[in-house]
Amino acid sequence: DKHVTFEGGWRFGWNCNGGQLGDRTHYAVAKGARATYPLPVKTAGRYRLKGLVPHLFNYSFAPVVRLTVKSGGRSTELDWNQLAGSGEWRDLAVVDLAPGATLTVSEGPMQDSVYGSPWVGAYAADGFAIVREEGNSL
């Protein structure tokens with residue numbers, strides 16, 4: 001997406017099944033890499049945030065990824081295990097969003113300590129969706 005801001009080291013890999021998200025997935029390859037997405041919120045309300053990690057062969061994904069949702073002066077941090085449910089949409093959280101909301105993907109808080117390694121693996125940053133929750137307008 002031309003509106004996404006990528007900071008730090010990112011690459012893209014071709015998906016084995018282009019029907020999941022398109023024909024490629026961006027993944028971080030350097031410590032401190034971040035991707036920030038504008039969320040398509042037209043009306044303030046409560047939304048379900050969903051995430052998907054496509055099937056990518058020969059990639060080692062980090063076990064914890066940090067998601068930061070910013071909206072209306074509030075910031076919510078979530079940790080997402082990208083190793084669980086590859087190829088399936090996962091419910092990540094229910095959040096209050098307003099127009100102008102953003103989602104930032106960055107390395108997780110345990111990235112330096114898992115398995116005693118300074119860098120455990122890549123993290124994907126392409127499969128996100130929001131679904132408005134019925135009857136929950138702000």
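What you're looking at is a predicted model, where local features need pLDDT of at least 70, side-chain atom pairs count only at pLDDT 80 or more, and totals for chains, interfaces and linings use all residues. Residues are numbered from 1 along each chain as its sequence is written, and side-chain values use heavy atoms, leaving out hydrogens and water.

Now switch to cartoon. You'll find ten strands and zero helices (DSSP runs numbered from the N terminus: E, at least two residues, for strands; H or I, at least four, for helices).

Next, select threonine 68, which sits in strand S6 (residues 65-71). Is threonine 68 buried or exposed? It counts as buried, because its relative accessibility is 10% and buried means under 20% relative accessible area, exposed over 50% and partly exposed in between (1.4 Å probe, protein chains only). Leaving aside residues up to four places away in sequence, threonine 68 touches Ser75, Thr76, Glu77, Thr102, Leu103 and Thr104; a contact means heavy atoms within 4.5 Å.

Hop over to leucine 67. Its contacts beyond four places in sequence include Leu49, Trp80, Leu92 and Phe128. Along with Leu39 and Leu97, Leu67 touches the most other members of the largest nonpolar core, which has 24 residues.

Terms used. A nonpolar core is a set of buried Ala, Val, Leu, Ile, Met, Phe, Trp, Tyr and Cys residues joined through side-chain atoms within 4.5 Å.
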